[in-house]
Amino acid sequence: MNFRDIAWFKYSSPASFYFLAGKMIPWFWAAAAVFAVAGLYIGFFVAPTDFQQGEAYRIIFIHVPAAWMSMFLYVVMAGWAGIGLAFNTRLSSMMATALAPTGALFTFLALWTGSLWGKPMWGTWWVWDARLTSELILLFLYIGFMSLQAAIDDPRRADRAGAVLALVGVVNVPIIYFSVKWWNTLHQGASISLMQAPTMAATMLTGMLVMALACWMYSIAVALMRVRCIIVERERHAQWVSEMRGQLK
Amino acid sequence: MKPRHKKLMFIAIGVAGLGLAVALVLNAFRSNLVFFFSPSQVAANEAPQGRTFRLGGLVQQGSVKRQSDGLTVQFIVTDTAKSISVEYKGILPDLFKEGKGVVTQGKLGTDGVFRAEEVLAKHDENYMPPEAAHALEQAQKAQKTLVAK
């Protein structure tokens, strides 16, 4: 199939994307459930105890995927917001708005689970090292993006203002990722990177990656559900929405 | 060039410019962003004098001594080049171990002993089951004896 044969622009219209998303959501939920069950099973029953941290290391099965998602979702959100700003496409801006709460949730999860783990392992709930501080800034960026959009009544203006904030904040993502390399921090370096072999036993790694997949599927499912709500809310005066409402009655 | 492509280029240049600015600022603040100082930096007088700072490094093998009161601990923090003795009274974190990373916060006394108010364990990015760690240790020992021979 040729790249040009796919009706890309058909699905950039909120009306047709609404129905496409509706069809995809159950599949992503199902995949999320399967991966989560498999990941948690590997994490709790298959993966061995760590030689230093004992059982406490099992935090990585949620902490690491959550931290990855928090950074990745921000980049995706800023990307959609930027496309919306540049090309004035309504759906891309709606996608950015739909991703923000999920990103904020994962950022909070990463900070919270890290803190719970930090007390017994490091000896403190919180330190102001570069990794932890930049991740906290990421949480504030998500909250700032959502509050800014909520504060402006006109959705198109809210999209543009939010997009500028999201794009400015994107510089924080590489800072978070490389903070453990650039500065000496209390947080340890990355166990997994593109350049080197992972410094982690294979079953532990498998569990973590499967959990990361579960988080991906969950994020896509909830983002699609949220974007459907936003579409209906913003297009409530459009004819296709009133037709759909007519069918429901 | 279409207006929307112009806009996209404008955004791309804006983000790139901002990234560059942040990179330069962070580079300028590099020395202010350190979480801890190593014993070598302390020896070179790079750490603040008479003020609280953090000292980080490895706990030297065989250097941990407990006082008779059961709470005060003495150990040596080293970065393999220089080392500093540390005194601390309190509970040590689980991961505190000889040969492992540690970050302590406190003041350097005039006698050269670092009096810590807080001891945090810094661990590495290696995760493996205890059997694997043991096997690795054995292999390293074997390697050493081979080299020695």
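**Entry 1: the hairpin of chain B**

I began with the hairpin that strand 5 and strand 6 of chain B form, where 5 residues lie between the two strands and Gly112(B) in the turn has a positive phi of about 85°. Before going on I noted that this is a predicted model, in which local features need pLDDT of at least 70 and side-chain atom pairs count only at pLDDT 80 or more, while totals for chains, interfaces and linings use all residues. Residues are numbered from 1 along each chain as its sequence is written, and chains are lettered from A and ligands numbered from 1 in the order in which they are written.

For the elements I used DSSP runs numbered from the N terminus, with helices being H or I of at least four residues and strands being E of at least two. I call two strands paired if DSSP finds at least two bridges between them.

I then followed strand 6 of chain B to strand 4 (residues 83-89) of chain B, to which it is joined by 3 bridges, the two running parallel. There I noted Arg115(B), in strand 6 of chain B, as the bridge partner of Glu87(B).

**Entry 2: strand 1 of chain B**

Is strand 1 of chain B mostly covered or mostly open? I count a residue as buried if 20 or more other C-beta atoms lie within 10 Å of its own, as exposed if 12 or fewer do, and as partly exposed in between, with C-beta atoms placed from the backbone. By that count strand 1 of chain B is mostly covered, since 7 of its 7 residues are buried.

I found strand 1 of chain B paired with strand 5 of chain B in the antiparallel sense over 6 bridges, and Gly56(B) stands opposite Val103(B) of strand 5 there. Strand 1 of chain B also pairs with strand 3 (residues 72-78) of chain B, again in the antiparallel sense, over 2 bridges, and in strand 3 the bridge partner of Val59(B) is Val77(B).

**Entry 3: chain B as a whole**

I listed 3 helices and 6 strands for chain B, which follow the pattern α-α-β-β-β-β-β-β-α along the sequence. The radius of gyration of chain B, taken over C-alpha atoms, is 23 Å, well over the 15 Å that the globule rule gives for 149 residues, so the chain is more spread out than a compact globule. The globule rule I used is 2.2 Å times the number of residues to the power 0.38. The C-alpha trace of chain B spans about 80 × 45 × 30 Å along its principal axes, and 25% of its 149 residues count as buried.

The domain assignment, whose bounds come from an automatic or database source, gives chain B domain 1 (1-33) and domain 2 (35-122). I noted 40 Å between the centres of these two domains, taken over C-alpha atoms.

Helix 1 of chain B has 26 residues and reaches 37 Å from its first C-alpha to its last, close to the 38 Å expected at 1.5 Å a residue, where the expected span is 1.5 Å times one less than the number of residues. Of these 26 residues, the number buried is 0, so helix 1 of chain B lies largely in the open.

The contact between the chains takes 31 residues from chain B and 35 residues from chain A. Two or more residues on the side of chain B come from each of helix 1 (3-28), strand 6 (114-122) and helix 3 (130-148), and helix 1 gives the most, with 8 residues.

Most residues other than glycine have a negative phi. Thr80(B) is exposed, with 11 other C-beta atoms within 10 Å.

In chain A, Asn88(A) likewise has a positive phi, near 60°, in the loop between helix 2 (60-87) and helix 3 (90-121). Asn88(A) counts as partly exposed, because I find 15 C-beta neighbours inside 10 Å.

Notes. Contact = placed C-beta atoms within 7 Å.
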